[in-house]
Structure formats: structure tokens, C-alpha cells
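Here is a short briefing to read alongside the sequence and the 3D view. Have both open as you go.

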Amino acid sequence: MHPILALLRKDFLHFRRNKAAVSLTFAVPFAMIWLFGWIFGVNRKDSGPSGIPLAVVDASGHAATAKLITALRAEKTFRIITEHPSALPKRPLAEADLRPLMEAPGAPFRFAVVLPADLVSHTRLGLHLIFLSNPRNEIETQTVNGILQKTIFSHVPELLGQSLQANAKRFLGEDTLRQFHRGIARTVASTFGGDADALERSMAAADFGFGAFTQPRDESLRRLDSPAADPNQKPEIKKKTSTADLFSQIVKFDTDQVVGAKVRSPMATSLVGGWAIQFLLFAVSASAASLFRERDAGIFQRLLAAPVTRAHILWSKFLYGVGLGLVQLVVLFVASSWLYGVEVLPHLPLLALVCVFAAAACTSFGMLIASISTSPEAASGLATFLIMFMSAIGGAWFPITFMPEFIQYFSKLTLVYWSMEGFSAVLWARQSLGQIFPILGLLGGITVVVMGTAIWRFNRGRIFG
Amino acid sequence: MLQLHSVTKRYGSLTALDGISLDVARGEFFGLLGPNGAGKSTLMSLIAGLRAPEAGTLTLDGLPLTSARSTARLALGLVPQHIALYPDLTAVENLRIFGELYGLRGADLHGRIDAALEAVQLADRARDQVKNFSGGMQRRLNLVAALLHRPKLLLCDEPTVGIDPQSRNAIFEYLERLNREGLTIIYSTHYMEEATRLCSRIGVIDHGKLLALGTLDELLTRLPFDEEILFPATPATTPLAAQLQPHGDLATSGGIVRFRPRPGYKLSAFYALTEAQALPPHLFTQQRPTLEAVFLHLTGRSLRDA
């Protein structure tokens, strides 16, 4: 046999015998594709963002706003919150509640719409709405903006009619306006048919039938209005069917960025946490795999014959992982400060604290992987799979609101999610130690549970023979 | 110094040690001789406290090893079968770590490290990474790493596997010196030459059982013959071998026939046969039996084949 063929055969034989390599080559990619397709709703009708908490305060008192709120509720992108989430007894949200709630740690919502008392005013033409946001994630914020505007604009005509009515009333007086409505209604009824009284009542209620022109004609067109629509569609189609341009001139949106307004480099600040935590997970998992090398070299025999216990070995590995992780995170944040202008130095003490807790949680994860694996290759394969999985559902790649709502609950079980929450709380929301304490507590809790499980497994596994 | 009483260790259905009992006296150089898989390393790991027995007791200076583990660990030094060193660290860095694990610090530790490296002729390589050492140098470092804390009892688990004769000899000389200075050593090996050279008393172990225990002379007296005769296995010697069959044990290994005469058989009768077949005297080597013969006698197998 030719030497190359013989050597090639040798490599295939090695590959076939290496279960970890086989699983990494075939099983893991297959599982990943299936899993990520499932997570992101590929080929599913309910794909796209869902369940983004959106607070709505209706201070306008107009009957037509109820329809708008109903339409927002019907939009799966949003989970509409109209009641104060913690007040007892339960009461509707007020405009004054919004800012404190959005600024609080673990805010129940990061977007809010206020339909103010002057939503429809006789002193000006058009509508006035207030939009409050914590645009921590740019993709999510753009999505919310787009879908919110689309939903509101498709219900503007009715409200706009009320605005016109209010102005007409002011200029013409109520009696003249009534006569105007009656005249129009009778003319329309005599020309096109219909009930003149019903038409008059509709006009008095500011229902001019604009909605029939502005509602998308079918479901496929309605989806095209959504920013989450298929990107392969030609933009011209979207332009034709959109009603936003028509009304954007007469709807006044007061926007208020509640959190992160002073952040110098918003995009990098919101992204760097996700990057950091992924790098950290890979680093500490590799570090924990050194347990296998030491086992195979017989070093544990020497150590355990000395006045050293298994606990000493495991905790020294843990502390090493935390130290390594802390240094890596700090270097990464300092680099992002230097390269992208992320403001790190003013928040360094709190950031370092979050880094310690995140590093501890990640290290315990690496230890758990080592404790349940039988070889460094198996540990590496399992770690790669789980890190990518946790990063995906934890929000390191996309906002978690782009996944089905039930997966979003699982997101909150991942250390990726809570580490990113910690970084964001410090760098984006600029919260105090007291405010980030719950996040630190959660990361600490994850560390205790995961490390406890790892130690339990180590004492029953093969690492110490 | 060390007493083992009816020690049994199992791995699932496999009985690795089956009721082992032995005493090792202070200052003794005790050898554990047996083939691979005989239970030597398991016995070493029990003495070192790495594993616990299913049954039996182990005591060191009267203290049970299981309950007085922390005291025992300070009194023990283990030279593992593997080269249990950190390859990316230097010799000094390795020794510093292992010394610190025993609570050694500062000038005392540095002094001991220097002395240890000097003793195994590694002083000039002290600052080199261990991965750049030869196998023999790594073995020597592996040995002294277990001695920094000056243990009372040194456990050597096949410490010369895979090294050149020169390094092996250096290790032997060092161990003999330590033993002369009073260190008690338990030395496990499957090389009978090592056990013969080093050990004042030898335990022969196979399939988890201690088959025999004693000095070399005591073990040899268990043999039913005082001498054995070796000759080449050739067509010319085949008739002789056939004629010897009723008078003793014949074993052929590596082209050499080993004849161990039954009690009462006179060697003069043997030489009369060789003369009758005109076989020249230089073909025959008469020697005192070795531990190999003891093992063969006890197990029916050659130590090398086991």
C-alpha cells in the first residue's frame, strides 16, 4: 500500500475509535442545527420576536384607544402590561410609574407607550404619543419601534378623525358641525345608498372609514409590514403596502430614553458582555480539562499521598479558574474601552465585582463538565455544545425575545443570561452595588449549585481513580 | 513499623488484594515482587492512603492509616509509577510545589531542593523544564520529589520503568544510600534482578495474594533443588532434554533450557549423560536458582510470561 494511503487509513481508524471526535463531527452539528432551528423558529409560523414586555398607559380617556391597546395585545411581539406589576392592591399603571420601574434592577419592561391626555387635542392637528425605552439591545429596540409604529399607525385614522372633529368643533361650533355632518350624510346616502342617520352617527363618532384603506389587505401583506419579515422580499413591495409614511407626518412621537442615554458607545456596550462571557466559558472549560492531564500523569496520586485532599485540588482549580476568568474579562473590557470607547474605567470596581461572580459561575460550569466527562476529548465536545447552546438561548447572539416565549424562561436559567445582565447593569444602566446585588446573588447561587454538583460528581467519578 | 492484617481490596467483581498480611520493620528494604496486574500498585495505594480497603487493617507505628491519615501522610513518601511531575515547570519549580505541600518554606525548602538535585545529579539542570529531560532524569526527579519532607517510609511503585541502565543504577545507589541512612523502603517491581539486588526481604505477590515472604535465601530454600543447569535448546541437546524429563523440571524460554533437578538427583548423573552424548562442557551453566525460579515454583508460570 502506498505510504499516503496507509497513513490515511491510520487517521480514519483513529477517528473511528475516538468517540468524542465522531460525535463532534456528526452528532453535535446535527443537534446544533436542529436545536438552533427550533430555538429561532425556523420554518415555523410563530417565528419572530415574541413576548417583549411593553407597558401601556392610557391617560387619554378616548374610546378609540381601547381598540389600539387591543391591537397591541393581539400582536404576539408584545406582552402588554397595563397594571402595576408589584403594587397592592392591583392598579393600572400611571405615567409616573414608568420611569422608576424601567430604571429598577430587573425591570419588568424596557419599553413603554403613553397615550397622554393630549393624545387628541383641539389645539393642534394630529396625535401625540410618548414612547419610553431602555434600548439595551439595538436589534430588539428597532424591532419594537417598527412593530409598535405599524400597529399604532394602522389605528391612527380613527384617532385622527377625532382630532379633526375636535378642531372642526373649535372652528365651526357644535351646531354648525352637526349640520355639516347631516348634509354630507344625506348626500352620500342619496347618491350611493345607505342609512343617512347611521352615516351621520359614524361621522359624529369620527369614523370616516379610513381604516378600510389603511388596513393591510391580507395576512401576507400584513407580515411584510413587520421588520421581522422575510429579508429576501423585495423592499418595493413593503413600500407599497406600508401606511407608515402616510401618517408619520401627523403623529407626534415624543421619545424618551430612560436608561443608557449617557452611554458613549451604546452598540459596543451592549455587545461586549455577550462576547466576554463566551470567551470566558471556553477558557475556563479548557482550564478545567487540565484535571484530565494531571490525572493521566499520575500527579493526583502524588498529591493525594501528601497532606492534600480532593477538596484542596478542586478548590485550587476553582480559584485558578476564577482568577483566570477575572483577568480575561478585565482585559477584554479594557480592550473594548480602548477599541470601541466602552466606558469601563468609571465603573471598574463594580464591573470587577460582576466579573468575579461571572468568572466563578463559568468556572463551576467548566468543573461540572470535567466531572461528568470521561476524557478531555469528551469534555471538550460537551463544553462546545453547551457553551453554544447557552450562548444562544442566554442572549449572547440575539435578544432572547427573538425566541419562543417558553424558551425565554429557560434563558433565565443560564449563567450567560445573568452574566450579561450583570455587565449591562453596570455598563449600560450604571446601577449601584445595591441595585446589582440580586444579579450577584443569582450568579453566586448558580455557582454554588453547579460547583456542588461538580464536587459530588468528582467524588464518584473517575478523575481521582 | 508497618503492619497489614488481612487486607482485602475489590474493584467490582475483581479481587485485587485477597487477605494480605505482612509486617515491615523499621529500616527494612522490603520488595514486592510480582507480574503486572498482581496487585502491587493497589497495595501501594492502600498504604499511601489513596484508597481504602474493603476489609483488614493497616497501621503505621501502631496508628491505623485510615483514621490517622494526616499524620501518616507526613511520614510517607510516594514515588508513583508514572512520572508525576509538571512537565512545563522546571525541576526547581516542581520540587518547590511538592515541598510546600508538606509545609516546607523558605531557606529550609531551598536547601532541601538543592541537596535533592545534587543527590540525583540534576543540579546543573535545575532551571530546565522537566519536559526537556530524558526519561532517566525525569525518573530521578520523580524519586526525590517524594523525599523532600524526609519521610520515614518511602513507597516506590516500580520507579525504574522504561529507563536506561545508567539511570537505573543511579537510582539504585541512591536508594541503597537512603536505606543505609535509616529510611524504610517498600519497593514494588516485576524485575527479579531489582528485588534481588536491593531488597532485604521480599514478598512474592500474584493475583492479589501474597504467595511467599522472606529474605532471598529463605525464599530459595523453598525450592526443591539447590542448583539449576542451563543449556541451549538445539537439535544436539534435544535427546538430552528428553532423558532428563523424568528427573526434574524442564522449562524452555528464549532458546535456553532450564533444568531443575528433583531432590536426590545427583548432578554427577547429569554430567555422565552429557559425556555419553559427547556434548561439550561449555554448553552447560550451573547456577544457584533465582527469584524467577521461586516464582515459577510458586505459580507454575515464569515471571516474565505472567
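How many residues of domain 1 of chain A are in contact with domain 2 of chain A? Eight residues of domain 1 touch 13 residues of domain 2, where contact means that C-beta atoms, placed from the backbone, lie within 7 Å. This is a predicted model, in which local features need pLDDT of at least 70 and side-chain atom pairs count only at pLDDT 80 or more, while totals for chains, interfaces and linings use all residues. Residues are numbered from 1 along each chain as its sequence is written, with chains lettered from A and ligands numbered from 1 in the order in which they are written.

**Domains of chain A**
- Domain 1 covers 52–161 + 210–257 and domain 2 covers 266–458, with bounds from an automatic or database domain assignment.
- On the domain 1 side, helix α5 (residues 138–153) gives the most, with three residues; helices (H or I, at least four residues) and strands (E, at least two) are DSSP runs, numbered from the N terminus.

**Sheet in chain A**
- Five strands form an open sheet in the order β2-β1-β3-β4-β5, with mixed pairing; two strands pair if DSSP finds at least two bridges between them.
- β2 (78–81) and β5 (251–257) of chain A are at the edges with a single partner strand each, so one side of each has no neighbour in the sheet.
- Strand β4 (residues 127–133) of chain A pairs with β5(A) in the parallel sense over seven bridges, and L132(A) stands opposite D256(A) in β5(A).

**Sheet in chain B**
- Four strands make an open antiparallel sheet in the order β2-β1-β4-β5.
- L4(B) stands opposite L58(B) in β4(B).

Notes
Contact = placed C-beta atoms within 7 Å.
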